[in-house]
Amino acid sequence: MGRYLARRLLLLVPVALGITIVTFFLLRLIPGDPAVIMLDNRATADNVARLRHSLGLDRPLLLQYVFFLRNIAVGRLGESLVYRTQVLPIILGRLPVTLFLAVYSTVLAAAVAVPLGTWAALRRGTSPDQVIRLGVLFSLATPNYWAAIVLLLVFSIELRWFPVGGYGATFGDHLRHLLLPALTLALSLTPILVRTLRHNVLEVLRTEYIRTARAKGLRAATVLTRHVLRNSLISTVSILGVNLGFLVGGAVVTETVYAIPGTGFLLIKSTFARDYPMVQGLTLMFAGLVILVNLLTDLTYAVLDPRVTYD
Amino acid sequence: MIDEVQVVSSPALPAWRAPRRRFRVSPALWIGVLMLGALVFAALFAPQVTHDDPIKTDLVNSLQPPSAAHPLGTDNFGRDILTRLLYGARVDLQIGIVPTAAAFLLGLVIGSVAGYYGGAVDGVLMRIVDVSMAFPFYVLVIAIVAMLGPGLTNMYVAMVLAGWVNYARLIRGEILAAKTCEYILGARALGASDLRVIRRHLLPNVVTVGIIFAMSDAVLNILLGGALSFLGLGVQPPTPEWGLMIAEGRDFLLTSPAMVLFPGLALLWVGVTFNILGDILTDRLRPGG
């Protein structure tokens, strides 16, 4: 396990470097002089020269990249053009909100997907299976921003059960404020989990050890919980890790609709404010988060499934 | 010596007939094709179905409820919602097709080169793929649009730059598996050039998997295009696009829910259609896959 971890960390180095290169060149995608565009109507010659210097744009490209890497190493991702302060503390201040939303929606999705996916597989080809598959089809095709608006209209504006937006102050507040946003995100994640779990359960049901378990007289419930679900859920864990990127993307839209002060909403606000260092910092942070969670998922998978070897 | 020749009568041997391919059309396929047909019809014949202008404002008739003249009512600028929905099908189908096809082609070329040549070329190209896949797709697209500026063309550029990697990885895997097959070795032994082997022998056999993926990718692109337009980063007003129509209707939820309801249902329609057809295509072209 230790060797596997070391090898995985070593493999992460080129990917992490690649991420910094992409993020570095992101700012160079801006058509024209980034300093002029960032300053907009304040783009006097003095201001442009000052900003070009502070962004390091007056240095050779390679040197710019070296400085960029050095700054990342000490946690300086650039200065926000809107907040006039380093972007990292602002991002870290908003990150817990997005992570809370991601975990909340995953829990909700799993709570619905595990029974539905298992039931659909156990009743394969019957009416309940068909209904669940139809639900999956519609759920996959539903735009989450539209679902967000409909939920907002029904539960917040008409019925007044939940707040229209925000995050709240206490843990209970967070749960209440983020229920509709988490449901919105879960609506997109649930069909993916149901499909994966249904497929995995069907695969496990075909195995010899399930036949053996039944043949030796174990109760159906024991076979299901001890053997079928346990083995099916292991491979579903990896799907959860892979879908973090998907959740983060969904969070950008959902946070914007519900006006939740998370990193997704910050990305959209920064885009419109032309706060390029903030967009750059957020992109870097999201990519770093994805590779970290993928690593943790792989390690969890290795711990959960003793058959997995990584030689 | 044969004294008598007996003629075998024809009924003993049934006349040869070319085997008829049994192509069973499932109800799901019918539904998918009909739904796609309705979409294409709306996109192609929008000017014939409705004579209203999808862009011209008519403030006197703003936020009208459904009537004979306006079956789904009018929006806040007095534009007929049905007309904008029909014209919106053009834009949204285009969003489903253009970036998907471009990403497919780019991924096809890069994946083929990486898979066929292997070695350092494959190593470098696949590391680029690994890096691109570390970025959440929505975030990367939004970041690129943020740098290039909002608009349909920049949205396409961002979708292609972020989307080609999936195709490249998929096609590379297929090429790696196919290039050791005997017919490829045979083609090489006959002196076929690399380009000919890839173009004539490998691609026709691996392109199916790309087409299947493109079906689901088209849905994702339509939903993403709608989301970007909804956020103000994609299609710009007054162009009729369903995501943008939902964004425009947000402020009139209580007075005119139709402004949000019907564009959402239209997007749902597209998603369901492409998912049905994608599933059927997967079943037919890759049984068990």
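This is a predicted model: local features need pLDDT of at least 70, side-chain atom pairs count only at pLDDT 80 or more; totals for chains, interfaces and linings use all residues.
Of the 311 residues in chain A, 36% are buried. Among the contacts in chain A with a separation of 6 or more, 70% are accounted for by residues 24 or more positions apart.

Between the two chains, 37 residues of chain A are in contact with 34 residues of chain B. On the side of chain A that touches chain B, two or more residues are given by each of helix H1 (2–26), helix H6 (127–141), helix H7 (144–158), helix H12 (244–258), helix H13 (263–272) and helix H14 (276–304) of chain A. The largest share of this side, seven residues, comes from H14(A). By class, the residues of the side of chain A that touches chain B comprise 30 nonpolar and seven polar residues, with no charged ones.

Within chain A, helix H1(A) packs on H14(A) at an angle of about 165 degrees, the two axes lying 10 Å apart. An angle over 145 degrees counts as roughly antiparallel, and H1(A) is therefore roughly antiparallel to H14(A). The crossing of these two helices is right-handed. From H1(A), the contact draws on A:Tyr4, A:Leu5, A:Arg8, A:Leu12, A:Val15, A:Ala16, A:Ile19, A:Thr23 and A:Leu26, which meet residues of H14(A) including A:Gln280, A:Leu284, A:Ile291, A:Asp298 and A:Ala302. The residues of this contact divide into 13 nonpolar, four polar and two charged.

Helix H1(A) also packs against a helix of the partner chain, H4 (residues 119–134) of chain B, at an angle of about 70 degrees and with the axes 9 Å apart. Because of this angle, H1(A) is roughly perpendicular to H4(B). The crossing is again described as right-handed. Here A:Pro14, A:Val15, A:Gly18, A:Ile19 and A:Val22 of H1(A) meet B:Arg127, B:Asp130, B:Val131 and B:Ala134 of H4(B). Six nonpolar, one polar and two charged residues make up the contact of H1(A) with H4(B).

The buried residues of H4(B) are B:Leu125, B:Val129, B:Val131, B:Ser132, B:Met133 and B:Ala134. Their cover includes H1 and H14 of chain A, together with helix H3 (81–117) and helix H6 (152–178) of chain B. At 1.5 Å a residue, the 16 residues of H4(B) should span 22 Å, and the end C-alpha atoms are 23 Å apart, which agrees.

A further packing between the chains involves H6(A) and helix H10 (residues 258–285) of chain B, which meet at an angle of about 125 degrees with their axes 8 Å apart. The two helices are therefore oblique to each other, and H6(A) passes H10(B) in a right-handed crossing. The contact is made by A:Leu137, A:Phe138, A:Leu140 and A:Ala141 of H6(A) with B:Leu268, B:Gly271, B:Val272 and B:Asn275 of H10(B). By class, six nonpolar and two polar residues are found in the contact of H6(A) with H10(B), and no charged ones.

Conventions: Residues are numbered from 1 along each chain as its sequence is written. Chains are lettered from A and ligands numbered from 1 in the order in which they are written. Two residues are in contact if their C-beta atoms, placed from the backbone, lie within 7 Å. Helices (H or I, at least four residues) and strands (E, at least two) are DSSP runs, numbered from the N terminus. Ala, Val, Leu, Ile, Met, Phe, Trp, Tyr, Cys and Pro count as nonpolar, Asp, Glu, Lys and Arg as charged, and the others, Gly among them, as polar. Axes are lines fitted to C-alpha atoms, for helices over the stretch in contact, and angles run from 0 to 180 degrees between N-to-C directions. Angles under 35 degrees count as roughly parallel, over 145 as roughly antiparallel, 65 to 115 as roughly perpendicular and the rest as oblique. A crossing is left-handed if the near helix is turned anticlockwise from the far one by less than a right angle, and right-handed if clockwise. The expected span of a helix is 1.5 Å times one less than its number of residues. A residue is buried if 20 or more other C-beta atoms lie within 10 Å of its own, exposed if 12 or fewer, and partly exposed in between; C-beta atoms are placed from the backbone.
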